[in-house]
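Subject: Handing over the structure, with notes

Dear colleague,

I am passing on the structure we spoke about, and I would be grateful if you could look through it alongside the notes below.

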Amino acid sequence: MRTELLDASTLEFCISAAVAAPSIYNTQPWRFRLDPATAALEVRAAPERGLRHADPVGRALHLSVGAAVFNLRVTAAHFGWAPVVRLLPDPEDPGVLASLRLSGAAQRHTAGHRPDLYPMIWRRHSSRFPFSGRPLAPSIRAELAEAAQTEGASLTFPGAGETARLLRVATEAEHRNRADPDRAVESRRWVHRDRDDSADVGIPQAALGPQDAHEQLPMRDFTAQRHPERLPSQPFEALPVIALLTTEHDRRSDWLRAGQALEHVLLVATAHGVRASLLHQPMEWPDLRRDVSPVPDLTGHAQMLIRLGYSPEGPATPRRASDPVG
């Protein structure tokens, strides 16, 4: 491929789409570099935006980058390219988590996803507010599971009893987070006041959402106040729909694939008008992450709990400028 085929306009669209991906605490822990020799777009880790306490091994960082890579794939296909992605392409440079090269013309049957996902990139964002309780149709659940499977992951919808158990594990994780002073300081670092227009990362207070008045759903307290009575609360859905995203193995490449699977699932959900929020707290404690593994066989490695449902569109979170690193 010749370098000039990746024109500035296409590159700008690709990177704008990539940075619209979800990331833990909206840290946006990625950088982009166009290799002039190969015309491949490198996606690099931004370790200074990592979370030392919540994500000490960088698993969530890799998931975030994987989600950005999926948006790159969708955008390249939207503009008629067949993207070729390599994960961890340079053993001598572990900071390069993925590279994307445009090769030939994309065919609809080889894109690996629905053809209408590109506009969903801009419509998708997390909703930390109560859902209506309207059930998710079996056909939508099946399509979401298929989206995850396409990326080499598994998405399951536990029954009522198992859902209740998973929520108890997530609640324990949230309690631990609130009680940990280091994690409290780290969490508050990424929350900014709504009037702070200069903030292009982190989460504005308007997007934090309330706590569950019935204390069934452990919505993250990003302010880490550790005083539930001071937090605004509302009744949430009585029968939450929770999906568990897992991978067979737990290597860095699996984390990147899980991130692509997560974003694929979220974009398909958005296409169906389904909102989502992420219950990542149990993934931040090794023992609780093991407890989240599917029962009774405890196979696979838990990567994310996803809450799904219907609600009004909540506030979006800001994004950094999309200029690539040269």
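This is a predicted model: local features need pLDDT of at least 70, side-chain atom pairs count only at pLDDT 80 or more; totals for chains, interfaces and linings use all residues.

Residues are numbered from 1 along each chain as its sequence is written, and side-chain values use heavy atoms, with hydrogens and water left out.

Helix α5

Helices (H or I, at least four residues) and strands (E, at least two) are DSSP runs numbered from the N terminus. Helix α5 covers residues 160-179, and its 20 residues should span 28 Å at 1.5 Å a residue, which agrees with the 29 Å between its end C-alpha atoms; the expected span is taken as 1.5 Å times one less than the number of residues. The buried residues of α5 include Glu162, Leu166, Leu167, Val169, Glu174 and Arg178, where buried means under 20% relative accessible area, exposed means over 50%, and partly exposed lies in between (1.4 Å probe, protein chains only). These buried residues pack against α6 (181-189), β8 (211-212), β10 (241-247), β11 (275-279), α8 (286-292) and β12 (301-309), with contact meaning heavy atoms within 4.5 Å.

Salt bridges

The structure holds 20 salt bridges, each being a side-chain nitrogen of Lys or Arg within 4 Å of a carboxyl oxygen of Asp or Glu. One of them joins Arg178 to Glu174, with the closest N and O atoms 3.0 Å apart; both residues lie in helix α5, four residues apart, which is about one turn of the helix. Arg178 counts as buried at 11% relative accessibility, and Glu174 is buried as well, with a relative accessible area of 3%.

A further salt bridge links Arg176 with Asp287, whose closest N and O atoms are 2.9 Å apart. Because Arg176 lies in helix α5 and Asp287 in helix α8, this pair ties together parts that are 111 residues apart in sequence. Arg176 is partly exposed at 23% relative accessibility, and Asp287 is partly exposed at 31%.

Asp254 and Arg251 also meet through their side chains in a salt bridge (2.9 Å, N to O); here Asp254 is buried, with a relative accessible area of 6%, whereas Arg251 is partly exposed, at 46%.

The four-stranded sheet

An open sheet of four strands runs in the order β5-β10-β12-β11, with antiparallel pairing, and two strands are said to pair if DSSP finds at least two bridges between them. The edges are held by β5 (154-156) and β11, each with a single partner strand, so one side of each is left without a neighbour in the sheet. Neighbouring strands of this sheet are turned by 30° against each other on average, direction ignored; the axes are lines fitted to C-alpha atoms, for helices over the stretch in contact, and angles run from 0 to 180 degrees between N-to-C directions.

Nonpolar cores

A nonpolar core is a set of buried Ala, Val, Leu, Ile, Met, Phe, Trp, Tyr and Cys residues joined through side-chain atoms within 4.5 Å. The largest has 35 residues, and those touching the most other members are Leu136, Leu144, Leu155, Phe157, Leu245, Ile306 and Leu308. The largest share of this core, nine residues, comes from α7. Apart from this core lies another, of 24 residues, among them Cys14, Ile15, Ala18 and Trp81.

Glu42

Finally, Glu42 is placed in strand β2 (residues 40-45) and is buried, with a relative accessible area of 14%. Glu42 also belongs to a network of salt bridges that links it with Arg33, Arg44 and Asp93. Leaving aside neighbours within four places in sequence, Glu42 is in contact with Arg31, Phe32, Arg33, Asp35, Val96, Ala98 and Ser99.

With best wishes
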